[in-house]
Amino acid sequence: MNIALINGSPKLKKSNSAIMLGMLEPLIRTGHEITTYHPNKKPLTPEQYSELCRMDVLVIAFPLYVDGIPSHLFRMLVALEEYMKAEREGDIYVYALINNGFFEGQQNHLALEIIQNWCSRCGLHFGQGLGQGAGEMMGFLAKVPVGRGPLKNLGRAMQGLAGNIHSRSVDESMLFNPNFPRFAWKFTATHSFWNATAKKNGLKKKDILRRL
Amino acid sequence: MKMIFHDLGQHEYAAWVEAPQEEVTVISDNGTIRHCTGCFGCWVRTPGVCVLKDGYHNMGELLSKCDELVIISKCEYGSYSPFILNVLNRSISYVLPYFSTQSGETHHRKRYDHQFALSVHFYGEDLTEAEMETARKLVAANSVNLYSIGNNVYFHNSLQAVKEVLA
């Protein structure tokens, strides 16, 4: 099969979407041709849009933005709809990998609905979506094996997703939290991430709180 | 102050309005907007202001001075159009990076002691029930995250219909 991995993160360097795609790729690599796309760096070319119309599977990974899809990725999806209507010949299955900054993976449900609605407009099959809460944690868990510790839920879901991609199956979407206490996540996010990053930029907490 | 975000062509919108209205700030697509790059600069480098200086960098501050926000957007798959999404993505400095928990869900804390009324006018010729339902839920979720005073969602089958309501 031809599988497209679309990294829909707006970040130019390290992204949680890239981490999630990196977890999935080894599970689906065998026997399939995999091509990765990065619409954040520059818009896709007409040739790339046409390639996507000839895929068997699209995996779209992105962070939740304002309860929905990041605008640059959404712009690509709008353009891709026209290509799909004009050029698609075979069945294409779409899978989504979403991560959100809030703790609850459930908050990804609207972005999933939007992807499902997009599939309906394009005539594509929506296969399954995964939604990981507290996505920013993933960048700090590089040494934790997938399926262990805070990534336990994600590991299990990722195995299921890989199986569904192999067989081009439709399955129930899964939205989940990290296997980590919420209070500890909130404390760490506040002190070790937001305040620590601001401090590196020469700012204090009162600066973060400023009003204009 | 009232704010209007719209995704119409600038000339098209200008034809709607007979004279520029004072106390109304209109945010439209002048072709220069850049997409949010997820750098968190508006929270931890230049708090309250986006680091991308393209004329859309002060959306959070503008929202803090707005009493009523009206959004006019094409409805695409139950979402806003790309330009309106872009503006909303660039508006996150309106809230703080810190988290609060409300009704068991995490949200960002308020930066300002301020609230605005939110109305969204979606247009589109053949919107499905599923798309309209998603759009209603999306606006409701945005309303919670932006601390708006409630929200109103309207659907119109043409731009002309939006004009008749708003002009």
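Reply: A crossing of two helices is called right-handed if the near helix is turned clockwise from the far one by less than a right angle, and left-handed if anticlockwise. With that convention, the following account describes a predicted model.

In this sense helix H3 of chain A passes H4(A) in a right-handed crossing. H3(A) spans residues 71-87 and H4(A) residues 109-122, and their axes lie 9 Å apart at an angle of about 20°. Angles under 35 degrees count as roughly parallel, and H3(A) is therefore roughly parallel to H4(A). On the side of H3(A), the contact is formed by Phe74(A), Leu77(A), Leu80(A), Glu81(A), Met84(A) and Lys85(A). H4(A) contributes Ile114(A), Ile115(A), Trp118(A), Arg121(A) and Cys122(A).

From H2(A), the residues Pro46(A), Tyr49(A), Ser50(A), Leu52(A) and Cys53(A) take part. They meet Met76(A), Ala79(A), Leu80(A), Tyr83(A), Met84(A) and Glu87(A) of H3(A). The residues of the contact between H2(A) and H3(A) divide into nine nonpolar, one polar and one charged. Leu80(A) and Met84(A) of H3(A) take part in the contact with H4(A) and also in the contact with H2(A).

The loop that leads from strand E4 (93-99) to H4 of chain A holds Glu104(A). Glu104(A) is buried, its relative accessible area being 7%. Its side chain is joined to that of Gln107(A) by a polar contact of 2.8 Å. Leaving aside residues up to four places away in sequence, Glu104(A) touches Gly133(A), Asn177(A) and Arg182(A) in chain A, together with Gly104(B), Glu105(B) and Thr106(B) in chain B. The surroundings of this buried glutamate thus include residues of both chains, because contact here means heavy atoms within 4.5 Å.

Methods:
Residues are numbered from 1 along each chain as its sequence is written. Chains are lettered from A and ligands numbered from 1 in the order in which they are written. This is a predicted model: local features need pLDDT of at least 70, side-chain atom pairs count only at pLDDT 80 or more; totals for chains, interfaces and linings use all residues. Side-chain values use heavy atoms; hydrogens and water are left out. Axes are lines fitted to C-alpha atoms, for helices over the stretch in contact, and angles run from 0 to 180 degrees between N-to-C directions. Helices (H or I, at least four residues) and strands (E, at least two) are DSSP runs, numbered from the N terminus. Angles under 35 degrees count as roughly parallel, over 145 as roughly antiparallel, 65 to 115 as roughly perpendicular and the rest as oblique. Buried means under 20% relative accessible area, exposed over 50%, partly exposed in between (1.4 Å probe, protein chains only). A polar contact is a pair of N or O atoms within 3.5 Å; within protein, one must be able to donate a hydrogen and the other to accept it, and residues adjacent in sequence count only if both atoms are side-chain atoms. Ala, Val, Leu, Ile, Met, Phe, Trp, Tyr, Cys and Pro count as nonpolar, Asp, Glu, Lys and Arg as charged, and the others, Gly among them, as polar.
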